[in-house]
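Subject: Structure handover

Hello,

Here is the structure for your files. My notes on what was found follow below it.

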Amino acid sequence: MVTVVYSSRSGSSEAYAKHIATSLGSQCFSIKEVSKDLDDQILYVGWISGARVVGLNKVGDMKLKAVVVVGIEPESRFKKVKVTNYNKIRVPIFYLRGWIDRSKLNVFQKILFAVIAAKIKLGGLNQYNQPIFDAMMEGGSFYDESSAEDVIRFIGTGQQKS
Ligand SMILES: Cc1cc2nc3c(=O)[nH]c(=O)nc-3n(C[C@H](O)[C@H](O)[C@H](O)COP(=O)(O)O)c2cc1C
């Protein structure tokens, strides 16, 4: 049996984790509350901050089956190799898009987003980066449960889309 474990700051990774767990009939725990003695395999769903999959370092000796990274950038921009190496991930890795809830950001994170958004604007806004810019400045969601189908299929059947 696979148990879903997640880290989430503003709720989108938690929502994906709960959706995936419900689809699989699995248990679902926050990394903050999960028992470290859990014997099940783990599907870890964590939000990304820079190259770091938040909370993944706390999984310790638990048996990882796969990792789902939740970020804001389009999947085509997701730096899979960098994130895999940085977090020392040795299992299949999936990427899903979450949301930015500005009410959950602290002042430093708001400044960070303002700097990144300014850099994006300086490089020229287009149909691809405008939604990211808007989400950083005003909040916004790219959450899409149907995008979790590949993960659910992989955990359920072991088959990964090539
Ligand atoms: C401090 C900070 C750094 C972030 N860095 C990245 C990043 O490097 N790449 C990315 O795609 N999203 C980044 N994000 C966006 C989050 O990963 C995204 O909002 C995610 O959906 C949050 O998940 P949550 O709702 O479960 O907290 C960052 C968000 C914050 C607050």
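How are H3 and H4 oriented to each other, roughly parallel or roughly antiparallel? Please note that this is a predicted model.

The two helices, H3 (residues 107-122) and H4 (residues 130-138), pack with an angle of about 155 degrees between them. Angles over 145 degrees count as roughly antiparallel, and H3 and H4 are therefore roughly antiparallel to each other. Their axes lie 9 Å apart, and the crossing is left-handed.

On the H3 side, the residues that meet H4 are Phe113, Ala114, Ile116, Ala117, Ile120 and Lys121. Their partners in H4 are Ile132, Phe133, Met136 and Met137. Sorted by class, this contact comprises 9 nonpolar residues, 1 charged residue and no polar ones.

Between the domains, 9 residues of domain 1 are in contact with 10 residues of domain 2. About 730 Å² is buried between domain 1 and domain 2, and carbon and sulfur atoms account for 58% of that area. Of the area that domain 1 buries against domain 2, 69% comes from Arg9, Ser10 and Phe142, which is more than any other three residues supply.

Regards

Methods:
Residues are numbered from 1 along each chain as its sequence is written. This is a predicted model: local features need pLDDT of at least 70, side-chain atom pairs count only at pLDDT 80 or more; totals for chains, interfaces and linings use all residues. Side-chain values use heavy atoms; hydrogens and water are left out. Axes are lines fitted to C-alpha atoms, for helices over the stretch in contact, and angles run from 0 to 180 degrees between N-to-C directions. Helices (H or I, at least four residues) and strands (E, at least two) are DSSP runs, numbered from the N terminus. Angles under 35 degrees count as roughly parallel, over 145 as roughly antiparallel, 65 to 115 as roughly perpendicular and the rest as oblique. A crossing is left-handed if the near helix is turned anticlockwise from the far one by less than a right angle, and right-handed if clockwise. Contact means heavy atoms within 4.5 Å. Ala, Val, Leu, Ile, Met, Phe, Trp, Tyr, Cys and Pro count as nonpolar, Asp, Glu, Lys and Arg as charged, and the others, Gly among them, as polar. Buried area is the accessible area (1.4 Å probe) that two parts lose on being put together, summed over both.
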